[in-house]
Structures are given as C-alpha cells and as structure tokens.
Amino acid sequence: MQKVNPLNLILAIFIPPLGALLQVGLSAHFFLNILLTLFGVLPGVIHAVWLVLKNK
C-alpha cells in the first residue's frame, strides 16, 4: 500500500486545483481539474482526491 501525503489530500478537498497541481504538476490532469472545478466544486474535489489516492 502506498503512502498518501496528508497535505495533498487536505488541499485536494478544500482547494482542488492546488491539490492536483502539487500531485501531478502542470499536466493535462491539472487543467482537467480546473475545468471540472469551474463546472462545480464537487467534480473538482472528486477528481483531485482520486489523483491523490491513486498517487499519479
């Protein structure tokens, strides 16, 4: 089992794009997360938490 960075997880919940940025950098997942967050906070949070838990 891989370790999850607790700071990234907290940021993914409260500021999804920042959590995604710290996890994957300036990649397509980061820009997708910004788009999902603009559509609604919940899709952005789900995507960011998924990125952190998947440890991409």
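Which exposed residues does the face of H3 turned away from its buried side carry? In this predicted model, that face carries Ala28, Leu38 and Phe39, while Phe30, Asn33 and Thr37 are the buried residues of H3.

**Helix H3**

- Helix H3 runs over residues 28-39, and its 12 residues, at 1.5 Å a residue, should span 16 Å, which agrees with the 17 Å that separates its end C-alpha atoms.
- Within H3, the residues Phe30, Asn33 and Thr37 are buried, and because they cover an arc of only 55° around the axis, they are placed on the same side of the helix.

**Nonpolar core and Ala48**

- The largest nonpolar core is made up of five residues in all, which are Ala12, Val45, Ala48, Val49 and Val52, and its largest share, four residues, is contributed by H4.
- Ala48, a member of this core, is in contact with Ala12, Pro16 and Asn33 once its neighbours within four places in sequence are left aside; of these partners, Ala12 also belongs to the core, whereas Asn33 is among the buried residues of H3.

**Gln23 and Val24 in helix H2**

- Gln23 has its place in helix H2 and has a relative accessible area of 15%, which is under the 20% cut-off, so this residue counts as buried.
- The side chain of Gln23 makes a polar contact, at 3.0 Å, with the side chain of Asn55.
- Val24 also lies in helix H2, but its relative accessible area is 21%, and because this value falls between the limits of 20% and 50%, Val24 is classed as partly exposed.
- Val24 and Ala12 are 12 residues apart along the chain, and their C-alpha atoms are separated by 12 Å.

**Annotated spans**

- According to an unreviewed UniProt entry, the annotation "transmembrane region" covers residues 7-24 and 30-53.
- For residues 7-24, the end C-alpha atoms lie 14 Å apart, and the span is 94% helix and 0% strand.
- For residues 30-53, the end C-alpha atoms lie 15 Å apart, and the span is 96% helix and 0% strand.

Conventions
Residues numbered from 1 in each chain as written. Predicted model: local features only at pLDDT ≥ 70, side-chain atom pairs only at ≥ 80, totals over all residues. Heavy atoms only, no water. Helix = DSSP H or I, 4+ residues; strand = E, 2+ residues; numbered from the N terminus. Expected span 1.5 Å × (residues − 1). Buried < 20%, exposed > 50% of the residue type's maximum accessible area, 1.4 Å probe, protein only. Arc of directions from axis to C-beta. Polar contact = N/O pair within 3.5 Å; in protein donor to acceptor, adjacent residues only side chain to side chain. Core = buried A, V, L, I, M, F, W, Y, C linked by side-chain atoms within 4.5 Å. Contact = heavy atoms within 4.5 Å. UniProt positions renumbered as here; feature names shortened; annotations may be inferred.
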